[in-house]
Amino acid sequence: MNNSTFTIFIVFGFLWIFMATAAVIALFKADGQEIRFGKTGLIIAISIILPIIITLSYAAFKGTF
């Protein structure tokens, strides 16, 4: 594959992550709830986001080396 395919993949990956985050925040705000993270929520968020970032980074760098 050429590099433009990886670039499109990375851009759409980050776009989907941003849209999902915005949707969750919008749903919480619609109910009038506060947005706050405890230790458990932070651990769960990191365990979800970190593999996504690693996978997208691997796909981006695999095409360049």
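These legends describe close-up views of a predicted model. Local features need pLDDT of at least 70 and side-chain atom pairs count only at pLDDT 80 or more, while totals for chains, interfaces and linings use all residues. Residues are numbered from 1 along each chain as its sequence is written, and side-chain values use heavy atoms, without hydrogens and water.

**View 1. The largest pocket holds about 510 Å³ of space.** Of its 17 lining residues, Thr21, Val24, Phe37, Ala45 and Ile49 are the closest to the centre. A pocket is an open set of points on a 1 Å grid over the protein atoms alone, where a 1.4 Å probe fits, with protein on both sides within 12 Å along at least five of seven lines; lining residues have an atom within 4 Å of a point. The volume is the space filled by probe spheres set on the points, which are joined across faces, edges and corners. Helix H1 (3–30) and helix H2 (39–62) each give at least two residues to the lining; helices are DSSP runs (H or I, at least four residues) numbered from the N terminus.

**View 2. Ile49 lies in helix H2.** Ile49 has a relative accessible area of 41% and is partly exposed (between buried, under 20%, and exposed, over 50%; 1.4 Å probe, protein chains only). Its C-alpha is 8.7 Å from that of Ile17, 32 residues away in sequence.

**View 3. Phe6 in helix H1 is buried.** The relative accessible area of Phe6 is 18%.

**View 4. Phe18 is a residue of helix H1.** Phe18 counts as exposed because its relative accessibility is 59%.
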